[in-house]
Amino acid sequence: MRLTMKTLLASSLMAATLSAGPALAQEVDAYRETQLGLYVSAVEAHELIQQNERAILIDVRDPIEIKFTGFAEPTDIHVPWVLADRDSFDEEAQTWPMVRNADFEAQVKARLDALGVAEDDPIIVMCRSGATRSAPGADVITEMGYNQVYSVNDGFEGSTLKEGDSQGVRAMNGWRNAGLPWSYEIDPDVAWRPAN
């Protein structure tokens, strides 16, 4: 699928402006290295899912971000790590801040329990680029007692191009750019809802 720069900018703006739930709190933790030090690329994550039927894929992106960029088809759980706070426009940054989903731990735990995930089953956590949300999300899941929690180091969209007409566009590596199965259609049984 080919997207123009204008489409990508519009969808990024839309993702930042929409959707926030009432259970928002806390400053956002953002880092790349996890407590367990377990990392996979999107391609390796897909291979792990194919090789181990117990492997679980968790997407921690904002729902509106997913609406405009797509969803990995084998996703088992969708619970956002952060959500756009549409009630608090930041004039200095000229955007809406992202705030921590205060219910992340409870929502993920409920979904893991519903799927019968064991403490030593592989759990793969993916965000947009592997840079700020999958690692802290993976650490929270680790603190729940799971011991095979991986962060996808190139995420769903991958890295930005460093030069050329599409400089800044996320078109290198990542789930979508690797040609792995994805869609704009979101499985209703997987889609996050604030009441989950």
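Asp121: buried or exposed? Asp121 is buried, at 7% relative accessibility; buried here means under 20% relative accessible area, exposed means over 50%, and partly exposed is in between (1.4 Å probe, protein chains only).

A word on the model before the views. This is a predicted model, so to read it: local features need pLDDT of at least 70, side-chain atom pairs count only at pLDDT 80 or more, and totals for chains, interfaces and linings use all residues. Residues are numbered from 1 along each chain as its sequence is written, and side-chain values use heavy atoms, with hydrogens and water left out.

**View 1. Arg54 and Asp121 form a salt bridge between two loops.** The two side chains meet at 2.6 Å, N to O. A salt bridge means a side-chain nitrogen of Lys or Arg within 4 Å of a carboxyl oxygen of Asp or Glu, and a search of the whole structure turns up five. Arg54 sits in the loop between α2 (42-51) and β2 (56-59), and Asp121 in the loop between α4 (104-115) and β7 (123-126), so the pair ties together parts that are 67 residues apart in sequence. Helices (H or I, at least four residues) and strands (E, at least two) are DSSP runs, numbered from the N terminus. While Asp121 is buried, Arg54 is partly exposed, with a relative accessible area of 37%.

**View 2. Arg61 and Asp59 make a buried salt bridge.** Here the N to O distance is 2.8 Å. Arg61 has 0% relative accessibility, and Asp59 also comes out at 0%.

**View 3. Asp113 and Lys109 pair up along helix α4.** Their side chains meet in a salt bridge of 3.0 Å, N to O. The two residues are four apart in the helix, about one turn. An α-helix has 3.6 residues a turn, so residues three or four places apart point the same way.

**View 4. Five strands line up in an open, parallel sheet.** Follow the order β1-β8-β7-β2-β4. β1 (39-40) and β4 (77-78) stand at the edges with a single partner strand each, so one side of each is left without a neighbour in the sheet. Two strands count as paired if DSSP finds at least two bridges between them. β2 and β4 are joined by two bridges, as are β1 and β8, where Val40 has Val152 as its bridge partner.

**View 5. Strand β8 has buried side chains pointing both ways.** Val149 and Ser151 point one way, Tyr150 and Val152 the other. Three bridges join β8 to β7, and the two run parallel; Ile124 has Tyr150 as its bridge partner in β8. From β7 the chain crosses through α5 to β8, in a right-handed β-α-β crossover (with the strands pointing away from the viewer, the path from the first strand over the helix to the second runs clockwise).

**View 6. Helix α5 is mostly covered.** Nine of the 10 residues in α5 (134-143) are buried, among them Pro136, Val140 and Ile141. Their cover includes β2, β6 (98-100), α4, β7 and β8 (149-152), with contact meaning heavy atoms within 4.5 Å. After α5 comes Gly145, whose phi is positive, near 110 degrees.
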